[in-house]
Structure formats: C-alpha cells, structure tokens
Amino acid sequence: MDTASLCTVEKRGAVHVITLTGAGEHRLGPPLLSALRSAVAAVRAGGALVIAGEGKYFSNGFDLAWARAAPAELHASMGGAFRGLVADLLALPVPTVAAVTGHAAAAGCALALAHDAVVMRASRGFLYMSEVDAGLKIVDFFAELIRQKVPDAVNRRDLVLRGDKMTAADALRRGIVDAAVDGGVDDVVAAAVRAAEALAARGWDGEIVAETRKAIWPELWAKVKDHAADAPRPRPRL
C-alpha cells in the first residue's frame, strides 16, 4: 500500500499540519501508523504540529479488520507502532495540537489525548474509550496515558470504566479538551492552527519542550520510550 496516500503534510506558516485523508474511519493499522510516524519524524524544531482528520472521523481506533486478516504473530506490530507514535509525539521538539474533527474512539481517542492540547468540533464527534463495551483489556500505556491526561478520577472512570461517549461540550466542561469549536472540519483545523501558532510564538527551546513532557509524564514515557523513532536498538550478537 502507498502510505503517502493515507495522510498529507502541509505547512501553514510556522505550523506543520498532518491530515488523515479520506472519508473513512482512519483506522490505525500498520500502513497508516507508518505514514503518520514518517510525517511526524519530518517535523523539526521550530514551529508547531497539528494532526487532523478529514470527514466524519478523527480516528475510530485500531484497524480490527487488518488484525482479523493478519497472522497472529503480526498482531503485536500494530500496538508496537502505536506505542512508537505516542513516544514520537512525546519526544517531538515542538508543541502539538490535536484537531479532533470527528469521532475519536479507542486508539483514536488515545491519539488525540497524546497531544499537548486538544481542539474538538462542537457539532459532531465524541471521545470514546470503547474497550469496556467491546470486551477488550486496556493495554498498559493506554491506561497510563489516560491516567496522566485525565487526572480527575471521576472523569477517568466515566471515560474508561463506563465507556461514556463525551461530546466536545462535555469534554470541555470536564477539562479533558481545551476548546470546543463551532462549524465544520475546516473551522476546527483553523482553530487548532491558531492555537498551535500561539504556542509556536512563545519561542521555546525544542529540546526543553520534549524533555519537559518526559519529565511531567515519566510513567507514560517509561512505557513507550523503547519504541520511539530515536530509541537505541540492541546490537545483533556475533
């Protein structure tokens, strides 16, 4: 599969905008995760990053159709690639903003919350950790990400243990997202770009930004760092 067709990258002033393309669910299978990681890796210090989705969905989670068709020994590659994407975002030397343009479920919800700030469409979409409804165990770094990004115990219970589908207004009231934006996809992306521009204008040192994330969310970083793009690889034995 041509992974370049799964997301686009553009520069709007100081802001890099990565868009998950098409009207589908933007399922996070190995091809899309590879495309996203390549796009994120191309972002350098200076400016900021926005990740957005086209259509009805920001992302509807892991690509379960791929998982059903793939050999069992490959299943871990999808979770490992997503763990790596979270590590890449934590280690990125620029501020990051998620433009949640539609539904963000399961791994899609986790992807949104892995950003420094979240801007969400007010008229459509919800944050939804579907694992309890789907009868799936939540993986360790998902749980740690939610624990760090949703510190209030009641909100965390409602999102993860009750599987509540949270609208933008509800998530804003609970302090889970930073803004609820009226209008369509373009309005949400524009608002996210403005938020990213404001962060970029602070002129922060990129290395300090990355190291600060790791320091304030050390438990999360510890669970994902070995999958980061720049993580040292074990040397082969002779």
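How do the axes of α3 and helix α6 cross, and within what distance do they come? I'll answer that first. This is a predicted model. The axes of α3 and α6, the latter being residues 140-149, come within 11 Å and cross at roughly 30°. That makes α3 roughly parallel to α6, since an angle under 35 degrees counts as such. The crossing of α3 past α6 is left-handed.

On the α3 side, the contact is made by Gly 79, Phe 82, Arg 83 and Val 86. From α6 come Asp 140, Phe 141, Phe 142 and Leu 145. Sorted by class, this contact has five nonpolar residues, one polar and two charged.

Now α3 itself. At 1.5 Å a residue, its 17 residues should span 24 Å, and the end C-alpha atoms are 25 Å apart, which agrees. Twelve of the 17 residues are buried, so α3 is largely enclosed by the rest of the structure. The buried set is Met 78, Gly 80, Ala 81, Phe 82, Arg 83, Gly 84, Leu 85, Val 86, Ala 87, Asp 88, Leu 89 and Leu 90. Note that Arg 83 and Asp 88 are in that set. Arg 83 is one of the residues that touch α6.

Next, α1. This helix covers residues 30-41, twelve residues in total. From first C-alpha to last it reaches 16 Å, close to the 16 Å expected. Its buried residues are Leu 32, Leu 33, Ala 35, Leu 36, Arg 37, Ala 39 and Val 40. Among the elements covering them are strands β1 (7-12), β2 (15-20) and β3 (48-53), and also α3 (75-91).

So how do α1 and α3 sit against each other? Their axes come within 10 Å and cross at roughly 20°. The two helices are therefore roughly parallel to each other. α1 passes α3 in a left-handed crossing. The α1 residues in the contact are Pro 30, Leu 33, Leu 36, Arg 37 and Val 40. Those of α3 are Ser 77, Met 78, Ala 81, Phe 82, Gly 84, Leu 85, Asp 88 and Leu 89. By class, that gives nine nonpolar, two polar and two charged residues.

On to α9, residues 185-200. This helix has 16 residues and reaches 22 Å end to end by C-alpha, close to the 22 Å expected. Buried here are Val 188, Val 189, Ala 191, Ala 192, Val 193, Ala 196 and Ala 200. What covers them includes β1, β2, β3, β5 (96-100), β7 (117-121) and β9 (179-181). Strands β1, β2 and β3 were also among the cover of α1.

Ala 105 is in β6, residues 103-105. Its relative accessibility is 4%, so it counts as buried. Apart from neighbours within four places in sequence, Ala 105 is in contact with Ser 59, Asn 60, Gly 61 and Tyr 128. From Ala 105 to Leu 199 is 94 residues in sequence and 27 Å in space, C-alpha to C-alpha.

Which strand holds Ser 59? It is β4, residues 57-59. Ser 59 counts as buried, because its relative accessibility is 0%. Beyond its neighbours within four places in sequence, Ser 59 is in contact with Glu 25, His 26, Leu 28, His 103, Ala 104, Ala 105 and Gly 108.

Terms used. Residues are numbered from 1 along each chain as its sequence is written. This is a predicted model: local features need pLDDT of at least 70, side-chain atom pairs count only at pLDDT 80 or more; totals for chains, interfaces and linings use all residues. Side-chain values use heavy atoms; hydrogens and water are left out. Helices (H or I, at least four residues) and strands (E, at least two) are DSSP runs, numbered from the N terminus. The expected span of a helix is 1.5 Å times one less than its number of residues. Buried means under 20% relative accessible area, exposed over 50%, partly exposed in between (1.4 Å probe, protein chains only). Contact means heavy atoms within 4.5 Å. Axes are lines fitted to C-alpha atoms, for helices over the stretch in contact, and angles run from 0 to 180 degrees between N-to-C directions. Angles under 35 degrees count as roughly parallel, over 145 as roughly antiparallel, 65 to 115 as roughly perpendicular and the rest as oblique. A crossing is left-handed if the near helix is turned anticlockwise from the far one by less than a right angle, and right-handed if clockwise. Ala, Val, Leu, Ile, Met, Phe, Trp, Tyr, Cys and Pro count as nonpolar, Asp, Glu, Lys and Arg as charged, and the others, Gly among them, as polar.
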